[in-house]
Amino acid sequence: MTDENGTKPENGNVPESTTSETPVEPAKTDAIELSPASLVEPKKVEEPENNGAIEATNVAEAEGQVKKLPYPKSVFFIISNEFCERFNYYGMRTILVLYLSRQLNYSDDTATVIFHIFTMFVYFLCILGAIISDSWLGKFKTILYLSLVYVCGSVLVTLGAMPPLNLPATTFTMIGLALIALGSGGIKPCVSAFGGDQFKMPEQLKQMTTFFSLFYFSINAGSLISTTVTPILREDVHCFGEKECYSLAFGVPAVLMAVSIVIFILGRPLYKSKPPAGNMVVLVSKTIGNAISTKWKEKKTNPREHWLDYADKKYDRQLIEDVKVLMRVLVLYLPLPIFWALFDQQGSRWTFQATRMDGDMGSWDIKPDQLQVLNPLLILVFIPLYDVAFYPALSLIGIRRPLQKLTLGGILAGVAFIISGVVELNLEKTYPVQPSEGYIQLRIFNGIPECSYTLGSNLTGYERISINGLGLGYEKFIYIENKTLPLKYTVQEQTGCPKLPGGTFIFKEKLAYSIFLQNKILPQSAHVYLEAMEKSNKANPLVRNLANINPDSTIVWKSHKTGDVESTKKANNREIIELRATTYDVLIDDVKVHEVTLRHGGVYSLVMGIDEHDTTVTQLAEVIKANSMSILWLIPQYVVMTLGEVMFSVTGLEFSYSQSPVTMKSVLQACWLLTVAFGNVIVVIVAEAKIFKSQANEFFLFAGLMFADMIVFMWVAYRYKPNDPNDPSHRVQKIQNFEPQGNILKIKGVNQAEARFSPTYQPNPNRGVPRYTKRPQVD
């Protein structure tokens, strides 16, 4: 389960590169004072052999000079707020596709499209939230206002899921999802950064590291608990006369979201809020836009070495150089959306795949959407194992570099989809066989015990069909010459059995029909009806009562374990009913006549009749076989996908952060989130295209795209020239060209002691991140 930054902390800690993205710079940002004399002789400025050691020394000196500050109590309000918000988001997201398909009656493809459009907007709107926060409202107001929007969306979805209100559920759901996307996406880049603002750097480096550990733990704890609990609330609780309670499953997370706002407001007196200082994403976008527009005007009259150099009339040279480095790093991002296209299908296609499998574990059931809990659970296991086991083992076979690890992570995602495709191929063998063009499927049930009948018909090759005993007596695919066939049938009984009249019924190709022979319920003739051809999209068993008893009798299905009455029907009601998968006692007029176990996905007919001793006898017939493939077969694909996610996401962010200029890290984070959004766009396109009828083929398509994508990535990575912002020659050149303006020059160090010497560059001592100024307009 990804955290606020789209990745996961290693060993529960924040990577050095990750902390640098927040508005508060970690204590690794040191101030080294140099006198002007030191600038006269640049040869005396030497590159330290061990920047990390110097950095640690500087931090230690700073900590030794400043009195230890108390741990800010405000962060506990922020951590509690984050736990509640993540509980709401992942809880709602876990059951979303099932709600769209089961309650709003969307097809699996359409539900998948809606799910990924929603996820896409969540990540696109992260950029909007960051811009609003940094350029206008500040972090506190942005989090507060968008959280209110967020909770309104959650309430709308909950209200739409309440049948007694008779509200337009689809409209309420879509508006609610739009508000949730705006709220969740908008606050995503702000919360962790606002938590970092509560610490004074560099004095509270260790305390801030502890905060981020707790912060990321709250994210995983919220997702872990919600993905476990909300499926239970959905399926095991009955409300408003329905077998599933989506209103409660959506409502509990919505309440937690409201609680998160209250908690966040309570901490306001303790918060340290910084005013908006401008957004780097906006600045970089303006720089690129200015370069493009200027090049279009001057490319013939004023050629430049690099297209970004056209922006130097308006923007600082140092900014332009940093954007150049950023653009080189972003080339590596181009293949990344394919990975997220695969990863986010855990909440859509893989959940639908789980609905077609058997979750019965004996004493308890695994819900289809509950299987998503494997991701956050495995994350907590795998992250520490990577450092102590996986990476050392990979180094033995030559996989040591970040780009190699990232490529392997993408390959593992492709392998996970090959596994899911193989599982789907085996799963397809359990699906009901549909009558093809020119065929019908015919079943004949006998409701008269101890009697045999012969059915005469005008079906070519099936002029006489024998039916023996109680239950399902005949099942076959039958060819009809035309698209429709008026079936004319007669019923011949054996000696001593009730006589039944014949009749006529029109059969149409590609449909399934059943004939029920009975004589107790008027009219006393064979009952012909359309048979179910598909399993329930809720994975619940479907049952039809075929009763040849007193029509005024009442048939009750009661849970054998709990005693709850699941269905009460009159004997003459032959409509199909949907029950939960469990063991039932079947009662006729309060007398138990049968005990039967119904399994996930099965379609059944319970045939009931009265024998010669005036005793009710029953026979259960399985019309469509129940789900027989265990849901546990999905575990390998989740394990492999999570292995790939940790290697891909964590390694990718750490590498790109280490390569980008310190001022560009927030821009880099924005671009990383955009790769997630574009990945969901890819799923929407493939799902809407409906290229394959077989879901297995679609899984193999995504696997193939992932492998091809990693080949492209390896080529891009091979051509990539690593950037070293602390290159000694680069620094010396800057020092030589610097004209001191004052008695002291402060050099800010980030991760390593790093000097910035552009005359137009002005460091911001509060953030430890360079702040650029615009050049005067040159005419």
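Which residue in β4 is the bridge partner of Ser452? It is Asn468. This is a predicted model, in which local features need pLDDT of at least 70 and side-chain atom pairs count only at pLDDT 80 or more, while totals for chains, interfaces and linings use all residues. Residues are numbered from 1 along each chain as its sequence is written, and side-chain values use heavy atoms, leaving out hydrogens and water.

Strand β3 (residues 452-457) pairs with β4 in the antiparallel sense over five bridges; strands (DSSP runs of E, at least two residues) are numbered from the N terminus, and two of them pair if DSSP finds at least two bridges between them. The open sheet has four strands, ordered β4-β3-β6-β7, with antiparallel pairing. At its edges lie β4 (464-468) and β7 (503-508), each pairing on one side only.

Now for the aromatic rings. The structure holds 40 aromatic pairs, counted when ring centres of Phe, Tyr or Trp (its six-membered ring) lie within 6.5 Å; planes under 30 degrees apart are stacked, over 60 edge-to-face, and the rest tilted. Tyr89 and Tyr90 have ring centres 5.2 Å apart and planes at 75 degrees, so this pair is edge-to-face. Both Tyr89 and Tyr90 are buried, meaning under 20% relative accessible area with a 1.4 Å probe, protein chains only. Phe199 and Phe211 make a tilted pair, 5.7 Å centre to centre with 45 degrees between the planes. Phe199 sits in the loop between α7 (169-196) and α8 (205-236) and Phe211 in helix α8, so the pair ties together parts 12 residues apart in sequence.

Definitions and conventions
Buried < 20%, exposed > 50% of the residue type's maximum accessible area, 1.4 Å probe, protein only.
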